[in-house]
Amino acid sequence: MRIKTVIRLKKRSSAYALFFAAQLSRSSAGLKTIGAVDDLMVVLQIACFLYCFLNRIKRKRFSMLDLSVISFYLCLFISTVMVSRDFFSWLTYSLQGAGAIFLIEDMMANDEKESILVIRNVSFFFLLCNLASVIMAPAGFFGDLYFLGARIGFTPFCIMAVVSALLGDYIVNGKKISITSGAVILAAVVNVAAVRVSTGILGLALLACMTAAGLLLCGIRKQSMVYLLSYGIPSLVWFVIVLKGRTDIFQIILSIVGEDLTFNGRTLIWEMALRYISEKPFWGYGVTALGDFYIAAYIKQRSLPAHDELLNLLYQGGVAAFICWNILYFVVGHALKRCRENYIIVLMSAAVFSFLCIMITEIQSQKAIIFMVIALAYQLAVNHSMETKEHV
C-alpha cells in the first residue's frame with residue numbers, strides 16, 4: 001500500500017512539474033517563437049486547467065481566490081464581447097491566469113514540501129537557462145531576445161526562483177539558508193546585472209528591502225502591517241507618478257537604475273491611455289493583442305500595452321476588471337492575516353510588493369508568474385493558518 005502511494009505521489013509530482021514548466025514557458029517570449037514547443041506548452045496548459053478545474057468540481061469546493069480570478073476573467077470576457085471580440089486573446093490569458101492559480105493551489109494543498117521543491121527546481125532550471133544564454137550571447141541572439149525570452153522576461157523568473165528557494169529552506173530545511181538558495185540568488189543577481197535589466201535589479205532590491213522591513217515589523221509584533229504596506233506603498237506610488245505625473249519625486253532612484261523622468265517614454269503612453277480610458281471607463285475596450293492607443297502611442301518601437309498594469313486593465317476591462325483585479329490582492333491579504341508563520345507573511349508580502357512595484361511600468365497579468373505568486377501566498381497562508389492544527 002505504501003509503495004502504491006509513493007508511486008502515485010511521484011506521478012502526480014511529475015505531472016505538476018510539467019504543468020508548472022508549461023506555465024513558465026508560456027510566460028516567455030523566446031520559447032513562444034518556436035512553433036512546436038509553443039503548441040506543446042499550450043496543450044499542457046489546457047490539460048492543467050481542465051485537470052485542476054475537474055478536481056474542484058469533484059470536491060464541490062472553490063476557494064475565495066478561485067472565485068475572485070473567475071470573476072476577474074468574467075469581467076474581461078464581458079468587455080471583450082462588447083467591443084474587441086478577440087476571444088482567442090481572452091482565452092489565452094484566462095488559461096494562463098486561472099490555470100496558474102488552480103495549479104499552485106492544488107500543488108501546495110496536496111503535498112507542500114514536495115511541491116515547493118518542484119517549484120524551486122523548475123524555476124532554478126529556467127534561471128540557469130537564462131544565465132547560460134546571457135553568457136553565450138551577451139548581445140542576445142536576435143536583438144534583445146535570449147533563449148527564454150526578452151530581457152524583461154528575466155525579472156519574473158528571478159523573483160519566482162528566489163522566493164521559492166527561500167520558502168523551500170523554510171519549509172524543508174528548518175529555516176536554514178541552503179547552498180542551493182545561495183546559488184539561486186547569485187544566478188538571479190548575475191542575470192539581471194549582466195544584461196542591465198533595470199526592473200530586475202530594482203525588483204530584487206525591493207524584494208530584499210521589503211523582506212528586511214517585514215522582519216522588523218514582525219519583531220515588534222506588527223504582522224498586520226506587513227502586507228498592508230506591501231500593497232499600499234505601490235498603490236500610492238502608482239497614484240503619484242501615473243495619475244498625477246509626478247515622476248520628479250523619484251529622480252534619484254531613476255538615475256541610479258538608468259531611467260529618465262519619462263520612464264523611457266512611458267509617461268507619454270500613460271497620457272494616451274488615460275485619454276482612451278476616459279471614453280469607456282466602466283467596461284473598457286476588451287482584451288486584444290493590439291488597440292487604438294497602442295498604435296497611437298507607438299514610441300521608440302513600443303507598441304506593447306500601456307506599460308502600466310492598472311492602466312492596461314482599465315483599458316481592457318474598465319472599472320469592473322480593475323475592481324476584480326484588486327479583490328485578488330485583498331483575498332490574499334485576508335488569508336495572510338490569519339497565517340501563524342511570520343516568515344511566510346513577510347516573504348510572500350515582499351514578493352507581492354516587488355511585483356506590484358514592477359507593474360507600475362510593466363505588464364504582468366498576461367503572464368502566469370504573477371498569478372503563481374498570488375496563489376502561493378494564499379495557499380501557504382491557508383496551510384499555516386491559526387485555525388489549522390497541522391500543516392497540509
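Reader: How do the residues of the lining of the largest cavity divide into nonpolar, polar and charged?

Author: This is a predicted model. Helix 1 gives the most to this lining, with four residues. By residue class, the lining of the largest cavity divides into four nonpolar, three polar and three charged.

Reader: Which residues lie nearest the centre of the largest cavity?

Author: The lining of the largest cavity is made by 10 residues. Helix 1 (2-25), helix 4 (87-110) and helix 5 (112-136) are the elements that give two or more residues to this lining. Nearest the centre of the largest cavity lie S13, Y16, D111, E114 and S115.

Reader: How many cavities of 30 Å³ or more are there, and how much space lies in the largest cavity?

Author: Rolling a probe the size of a water molecule over the atoms shows where empty space is left. The count of cavities of 30 Å³ or more comes to two. The space in the largest cavity is about 80 Å³.

Reader: What volume has the second largest cavity, and which residues line the second largest cavity?

Author: The volume of the second largest cavity is about 50 Å³. Two elements give two or more residues to its lining, helix 3 (64-84) and helix 13 (309-337). Helix 3 gives the most, with three residues. The residues that line the second largest cavity are F72, Y73, L76, Y93, L313, Q316, S365 and Q366.

Reader: How many residues of the lining of the second largest cavity are charged?

Author: The lining includes F72 and L76, and such residues as Phe and Leu count as nonpolar. In the lining of the second largest cavity, five residues are nonpolar and three are polar. The number of charged residues there is no charged at all.

Reader: Is V37 buried or partly exposed?

Author: V37 has its place in helix 2 (residues 35-59). R26 is 11 residues from V37 along the chain, and their C-alpha atoms are separated by 9.7 Å. Buried means under 20% relative accessible area. The relative accessible area of V37 is 28%, so V37 is partly exposed.

Reader: What share of the residues of the chain count as buried?

Author: The secondary structure of the chain comes to 15 helices and two strands. Among contacts between residues at least 6 apart in sequence, 74% join residues at least 24 apart. Of the 392 residues of the chain, the share that count as buried is 55%.

Terms used
Residues numbered from 1 in each chain as written. Predicted model: local features only at pLDDT ≥ 70, side-chain atom pairs only at ≥ 80, totals over all residues. Heavy atoms only, no water. Buried < 20%, exposed > 50% of the residue type's maximum accessible area, 1.4 Å probe, protein only. Contact = heavy atoms within 4.5 Å. 1 Å grid on protein atoms, 1.4 Å probe; cavity = no way out; pocket = protein on both sides within 12 Å on 5 of 7 lines; lining within 4 Å. Points joined across faces, edges and corners; volume = space filled by probe spheres on them.
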